[in-house]
Amino acid sequence: MIQQLESDQGGMAKDLTKNRRVVMPSWTEHEEIKELQQSYSRNKVRTTKYTFLSFLPKNLFEQLHRFANVYFVFLGALNFVPIVNAFQPEISVIPIIFVMAITAVKDLWEDQRRRKSDQKINNCSCEVYDRKQKQYVERRWAEVCVGDLVRLCCNEIIPADMVLLHSSDSNGVCHIETANLDGETNLKQRQVVRDLPQQGPEFVPENYSSRIECENPNNDLRRFRGFMEHPGKVRVGLHSENLLLRSCTVRNTETVIGIVVYAGHETKAMQNNSGPRYKRSKLERRLNVDVLWCVVLLLVMCFIAAVLIPISLYVSIEIVKLGQIYFIQNDLDLYNPVLDTGVQCRALNITEDLGQIQHLFSDKTGTLTENRMLFRRCTVAGTEYPHKENAISLEQYEEQGCGDADHSLTLRSRASRKSLSCKSLSCNRSSVSLNTLTAESDTHSVHDTLRRHTPGAFSSTMECAVVPDPDLQVKLNALSSPMRSALRQEAAEISHILDFFIALTVCNTVVVSSPTQPRHMVQMPVVRTPLRSLEEMKAMFQKLSLPRFPLSLNQNTDTPPSLTKKLFTRGRSASYFPNSSPQTPITNLQSPTTPSGTPSNTPSTPVTPALSSGTWTEDMDDIQKAKDNSVRESDSESDDEDEEEELLYEAESPDEAALVQAAKAYGCTLLGRSPEQVLVAFPGTGPLSIPLLHVLPFSSARKRMSVVVRHPLSGEVVVYTKGADNVIMELAEAAEDGFSREIMEQTQKHLDQYAREGLRTLCVAKKVLEEQEYKAWLKRHEYAETSIENREELLLESAERLEKNLTLLGATGIVDRLQEEVPETIEALQEAGIKVWVLTGDKQETAINIAFACKLLRPTDHILMANCDSKEACEARFHELEHEITQVTKKGMKSEDGSFDCVLVIDGRTLDYALEKELQGSFLNLTCCCRSVICCRSTPLQKSQVVRLVRDKLKVMTLAIGDGANDVSMIQVADVGVGISGQEGMQAVMSSDFAISRFKFLRKLILVHGHWCYARLANMILYFFYKNVMYVNLLFWYQFFCGFSGHTMTNSWVLIFFNLLFTSIPPIIYGVLDKDVSGETLLDLPDLYKSGQKSQAYLPSTFWVNIVDAFYQSLVCFFIPYFAYAGSDIGVFSFGSPINSSALLIILLHQLVLCHVILFRVFCNTICPSDLVRAQKMERLSAQDYYMSLQQWKENKAAQRLSSRHIPQNLSVNADVPYLTDCNAEAGAVLS
Amino acid sequence: MMASSYNAKDEDGHHPGSVGSGGPGAVKSKKPDNTAFKQQRLPAWQPILTAGTVLPAFFMIGLIFIPIGIGLLVTSNNIKEFEIDYTGVDMFSPCFNCSQNYSWNSTSACTCSVPFTLDQPFESNVFMYYGLSNFYQNHRRYVKSRDDSQLNGDKSSLLNPSKECEPYRTSDKKPIAPCGAIANSLFNDTLELFYIQPNGSRIAIDMVKTGIAWWTDKHVKFRNPGGNNNNLSHVFRETSKPVNWRKPVYELDPSDPDNNGFINEDFIVWMRTAALPTFRKLYRIIQKKKDNMTPTLPPGNYSLEVIYSILEKSA
């Protein structure tokens, strides 16, 4: 294998120039450089579609993609042929020129805006190193080339993709915010290229002469592969951690220097800029068919130069859609005051599809739920800690939250934290001066402070305090109390607990920052370890340690020398403040007599000198500065200890933040993070640095993440893994001793229980590595890291090699609350005849519970489970389920009561089989019988596959809604993609057609705006056909009287302006503003939505009825004047004008009547009014009557449903107790 | 990506959530205005059409139109019409010979007279029309076959008529004036009306040949080239007459310079193409007597003298 890889690498070197690029510093003299630079694109960007010269041909070409445009150009051309010309050729091209000119002007205008923004961007300035002047000079962005050295300051935007060479940060990291790129507002860490010869505080460009080889430009934001070759032929691997992406913002770092590798259009940001997609709406597709029909009709009628095909139709449709979008975006009901966002319509041409949705695919997390994770409970070493108080506080919070108009209040509790530390202190007798705490109240009120979540400040700060479980608290604190002589069993448990908390604190990618310095990462704070407690702990740990935890202080290589030094300098400290912020460097409690009274503005100045030799704090100035700042800040604030700042955790996923917060509640506080180490405080230890050896980041394939650290106490290399429960349980070794086996069994039991409660579960495990074992792994891993090709696969493999034979520590349960009005919305959507499917990555039980909570599942529903391991089993299961459905329906026939429905729950693996060709059919059959389908454990790919399958095979209109990156593919596949701008960045929004901020807005968006848009547009299009057919037929009838010569009785100008001027505005106004039924009624009666689903407004039959109607009207319009004038001395035009004007009048009158009736409908409305008409009538009634009839309507409908239901039944699944784990595969048993 | 995201922000007035830069005060809220228009609450009237409302409305409208219709019918019935067919298809028709023997080559005109009797007097002005049936004056290529600028007196068009006139554009290498098929097929029968007194003597009835065309046609659309130059033959000297014509355009009415050339009213009337294949055109007006005592055409015997020239059988 290795040989193979090596040979691969050898092969790669050969075709070096072909598929990779070489970047040399542009300020060195080298012949190659100029040549290379010419081949790479410059940093100037042009996002405009057209240039001055290419506008006309390119725009024309694009416009001619429309069938109708081609047709009219053809007709116009035909008029220049003398034999067939009907009009003066000049006149005949006016309409098409007019229409195309409007489109062209619109395009030009859009392009102009793009050009302006391009110019703005290109003219931004940045500092580029100049060879001649030997210093950094200001340059425009457009002038930056590949190989340039660029220096950026904090908060500057990165002009091109650069490899980070230097950062003012002592750790060689810099933080960037990628909000411009993907909308994620959390900071991402980037790292200076490793093993760079000059790591010092100053970067001298002259000394840099390495060459960079990297892959050719591509659009993968998260991938960058390459290596840097130093003059000594030493190669260092480069990866995405080293790359600063264009249009991101440098945060938190004073200056960074990087070398440009991709510029301009070759940057990843630009490569990703594909522009909006063009979707064609269902209505428009049908429209095209009907245009073709008109051509056929035209051929049949066989005369030239008619205007049967509505030339202005396309233009009008576009204008109408713009108008509709304007009104959707201005809807106050879809406005979220908290986030200050309304609805965003990103696709301009599918508004009417909103009115025809038949299937809705929803993501769960963040879409139905808040994606606001709150730690709820956990299980460690087989013992469940129910966190009752926490539950109570959560409930209270929820109540409060619900009481409030906006639900984004986050809770933070200071008092509770204090009381908590008080409790813990009292347990930790050894090192506490109780004086510190007497001043503080011991209240348990959690809701002291409700802090408004400032919009957009931090996307994923979960600031809800966790009330610790007393039992767990006691056990954890036992660790630092040396008095306890623990039993062996208990000792093992305690070490598990400690490991569990270490894992919670360390095994994540959370960045710590503080509120007063937004977007600035907390500098690595002063390390003060209370000596005694640490020593005691170590002793304790030693005592507790199982034989395989050998511990000696000598081995404790991780402790930096400064740390030990400090330990002595500081002497014994009586306090530990898990939550104390580094900004007010650990309120000086050296003297126990002045506890909270110690002003925080006289901070640890004596401490700093002692730190000067510390390994962390090479850059003393920085630290000092930061400190001064912070002191100043705290000065300006209150001296009160309550004002001590809290740490803000910015995590990529909300779960991580929740877990870190939870650990913090137990006194295990994450204080800071650098690439090499993590600063953590444990109860009784104070800040500890844990050397971070590796981070194996989370990947959806592995469904877990790991960190490799050196254990702070034992000094061993330990792997902490956190991930989805099923994955971790598999990886956890079947332990040889009964203890761990018991843990596993117990934990599994607890996990099931959590899932039943609808909690999100995560398992935490660890593994201790022998030194040799670690070294062996390290070697392979480093190879994987530095390799350029197959890097991802190698890293995956490497991670899998590490993450096995784990020891299970415990599991956590996290609550994710439902968003407001989700059940109502889902109910309304289902009533509207939309099938709602939930596609989630969560586990089955959680998914089912959420489904119950949001009323997707009703107590009476019959749940069909499909969990299969093989294709055959899957097939058999499907048959079984089908049988079951028929059985259930039969049974339902007999019993009278209640509604019955089946709901299919299918897991990811089974879904894979179901999506295979052979089983697709039976899967779809099955789903058709079910009211809803819940797919759990599904991957993003599966989500999109499911959507595509349903869309293509069932030929239905689909809508996909989601908020995260994992929903992007699904959103793109669906006919209508809706993105929720929520916690997880903007990726879903970027790829969506409509973006809303809450799930509940979907209700109005679909039921009201969708219905309106569809009804309006459909009627408008019908009207367009009507008016053209009607008008053209007048000319047609005339042909019988002019020898079929194609002469018209009206002036050609009138003919041409008929569509463009005389009859264009009314339908547009109609298409934008008409309301068949008011919005309130549509919301109250979701039933009405079904008319859109069945395309009732635009059926083929309606089209033909319209055409026939038009024929009839034109007959009347023509022959009445004809008989009136027959045989008279009437001239051609005198004959034409009354016909023309009467037709115009009738056409406009028809429009007037069309708000809502075509003549044909009068009878329908009288004899058997459709639901829509009845709703219209209802609106006439007084308020009281209105509600009466509304009630009656609903009753009627319910009665209808009952009577039409041929398969009612009752089922024994009791929903009050969502007790579903047992109905797994044996769902059949439930029936009996 | 970048540029487009900038765009999006500009377009929607969207600000990236006030992250980092820009205080909350600086960011304009995106809250939509609560106006009747933007929230689609404009007052509106929405009729629901059912048979109950539509049928009475129809009847009402119908009732309004009934008196109008009655009025129109009565007026229409007061108009007396008398029609004479002189095509001469019928063997016993006086014009039978003319219709049979007429040929383009013959230089002498064929004349026939049709006697008729009026039973009732014709009061007021009497309008005399000639009518053609199945003459497709509205055929597309026929209609186009004219040059309006030539007819408007444009000198250059006079000598270089529009291509639309083909194949009646030039003859003998001279431009035709007036060119085109319409002009070429000018109705050139001459009709005269005589009152036959009981004693057998014939009195020619005075007929006015002007005032039969539209005022705009006569004064705006049609103009002789050369303005008020009375010497029309000189103006038209470089043109040739339409092939079917007997005489050039400047001899249409030599007696009246205001009715000669392009502004000859018979010609103008002909040039205004009829909408339908069976049509009639105003030929003459018999003005009522000044004394107002005797009717314009008293009852009695009359004779219509036709100088037969048009090839109506085939038309």
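In this predicted model, Ser1095(A) lies in the loop of chain A that runs between helix H38 (1090–1093) and helix H39 (1100–1125). The relative accessible area of Ser1095(A) is 6%, so the residue is buried. Leaving aside residues up to four places away in sequence, Ser1095(A) touches Lys282(A), Arg286(A), Gln356(A) and Tyr1014(A).

Over all chains, the count of disulfides comes to 1. This bond joins Cys165(B) to Cys179(B), with an S to S distance of 1.9 Å. The pair links distant parts of the chain, its two members being 14 residues apart. Cys165(B) is placed in the loop between helix H6 (155–159) and strand E3 (170–171) of chain B, whereas Cys179(B) belongs to the loop between strand E4 (174–175) and helix H7 (181–184) of that chain. Both Cys165(B) and Cys179(B) are buried.

The mean pLDDT of chain A is 71, and 68% of its residues reach 70 or more. In residues 401–463 of chain A, pLDDT stays under 50, and the model has 129 contacts beyond four places in sequence for this stretch. Residues 1206–1232 of chain A also stay under 50, with 67 contacts beyond four places in sequence. Where pLDDT is low, predicted coordinates should not be read in detail.

How values were computed. Residues numbered from 1 in each chain as written. Chains lettered and ligands numbered in written order. Predicted model: local features only at pLDDT ≥ 70, side-chain atom pairs only at ≥ 80, totals over all residues. Heavy atoms only, no water. Disulfide = S-S within 2.5 Å. Helix = DSSP H or I, 4+ residues; strand = E, 2+ residues; numbered from the N terminus. Buried < 20%, exposed > 50% of the residue type's maximum accessible area, 1.4 Å probe, protein only. Contact = heavy atoms within 4.5 Å. pLDDT = per-residue confidence, 0-100.
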